[in-house]
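Subject: Structure handover

Hello,

As promised, here is the structure for you to open alongside this note.

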Amino acid sequence: MVHLFRTSLGVMALVAASVGFGGGAQAANGPFLAHQALYDLSLVKSRSNSVNSARGRILYNFTGNACEGYTSEFRQVSELDSGEGKVTLSDLRSNSWEDAAGKSYRFKIETRMNEADAGRVDGSAERDGDHINVKLKLPAPKTFTLDGKIVFPTEQIQRIIAAAREGKSLLELSVYDGSDDGQKVYNTLTVIGQPIPADRATSSDPSTADEHMKSLKRWPVTVSYFDRDAQQKEGEQTPVYAMAFELYENGVSRQLVLDYNDFVISGAMGKFDVRDSKPCN
């Protein structure tokens, strides 16, 4: 269950992480959209009967521009009921900043489970040539280097959108987002479906009804996250978890589905607001 409460895609999608879901430099049709999105979480299915019910919310804020970089604020509050009075309540908060070129990344993550003390991660990462220098303040001071081919969350989304525009169906990336203890790197496999035209009728939510979104196409995307260390040592190919969502070309995501192997959670967009964004000078 613990993996339900980590960030992904920078989002978030968890969610944003990754999940964050805004990112990168300028898109072909303009900059990524500054916005706030609220997602309502519910249980889709439990494969091992380990979870009887689930509920919660994700609140995601994305601001910034290609000159000043992008800030993602994410909060996920979740409650899992495993039966016989066993309820796990979690509160995950994440704040990160990444420059548009994917060279600098700063992050603060706080995770609280039930009444236990909060776990905190605080650090930064700087790209320097063919490697990345990471400096952690929490959970303990530490410095280390990562392979320069690894990307940060907003660059991950930028590359997914670029691959989708090029008609590619698969994309492999190694991603560092500062989650867990601040030292974890995930290998990811992204599967990109055929584009969904802006005028195609689908289930509606506040994003599809927004004037900023009506002319934009989107892609069905599934991102599987693998433990990089386990893969290197054991050849492990089972994902830790997977995220499916529809990704707009301006970085907004809708219809989240979070698969944690034992159970699956959906995230339906309940609210969507476009934020004012300073133009890049």
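**What was found**

The side chains of Thr 154 and Glu 98 make a polar contact of 2.2 Å (a pair of N or O atoms within 3.5 Å; within protein, one must be able to donate a hydrogen and the other to accept it, and residues adjacent in sequence count only if both atoms are side-chain atoms).

Before going on, please keep in mind that this is a predicted model, in which local features need pLDDT of at least 70 and side-chain atom pairs count only at pLDDT 80 or more, while totals for chains, interfaces and linings use all residues. Residues are numbered from 1 along each chain as its sequence is written, and side-chain values use heavy atoms, with hydrogens and water left out.

**Helix α1**

Thr 154 belongs to helix α1, residues 153-165 (helices are DSSP runs of H or I with at least four residues, strands are runs of E with at least two, and both are numbered from the N terminus). Thr 154 counts as buried because its relative accessibility is 5% (buried means under 20% relative accessible area, exposed over 50%, partly exposed in between, with a 1.4 Å probe and protein chains only). Gln 156 is also in helix α1, and with 0% relative accessibility it counts as buried. Its side chain makes a polar contact of 3.5 Å with the side chain of Tyr 225.

Strand β5 (residues 104-113) and strand β6 (residues 119-128) run antiparallel and are joined by 8 bridges (two strands pair if DSSP finds at least two bridges between them). Phe 107 has Gly 123 in β6 as its bridge partner. The hairpin of β5 and β6 has 5 residues between the strands, and Asn 114 there takes a positive phi near 50°.

β6 also pairs with strand β7 (residues 131-138), again in the antiparallel sense, over 7 bridges. Arg 127 has Ile 132 in β7 as its bridge partner. In this second hairpin 2 residues lie between the strands, and Gly 129 takes a positive phi near 65°. The charged end of Arg 127 sits over the ring of Phe 152, 5.1 Å from its centre (the criterion is NZ of Lys or CZ of Arg within 6 Å of the ring centre and within 35 degrees of the ring normal).

**Aromatic pairs**

There are 8 aromatic pairs in the structure (rings of Phe, Tyr and Trp, the last by its six-membered ring, with centres within 6.5 Å; planes under 30 degrees apart are stacked, over 60 edge-to-face, the rest tilted). One of them is the edge-to-face pair of Phe 107 and Tyr 176, with 5.8 Å centre to centre and 75° between the planes. Phe 107 is in strand β5 and Tyr 176 in the loop between β9 (170-175) and β10 (186-192), so this pair ties together parts 69 residues apart in sequence. Phe 107 is buried at 3% relative accessibility, and Tyr 176 is buried at 0%.

Tyr 225 and Tyr 241 are stacked, because their ring centres are 4.7 Å apart and their planes are at 10°. This pair links strand β11 (residues 218-227) with strand β12 (residues 241-248). Tyr 225 and Tyr 241 belong to one aromatic cluster with Tyr 186, Tyr 260 and Phe 263.

**The core**

The largest nonpolar core has 60 residues, and Val 134, Leu 146, Ile 160 and Tyr 176 touch the most other members (a core is a set of buried Ala, Val, Leu, Ile, Met, Phe, Trp, Tyr and Cys residues joined through side-chain atoms within 4.5 Å).

Best wishes
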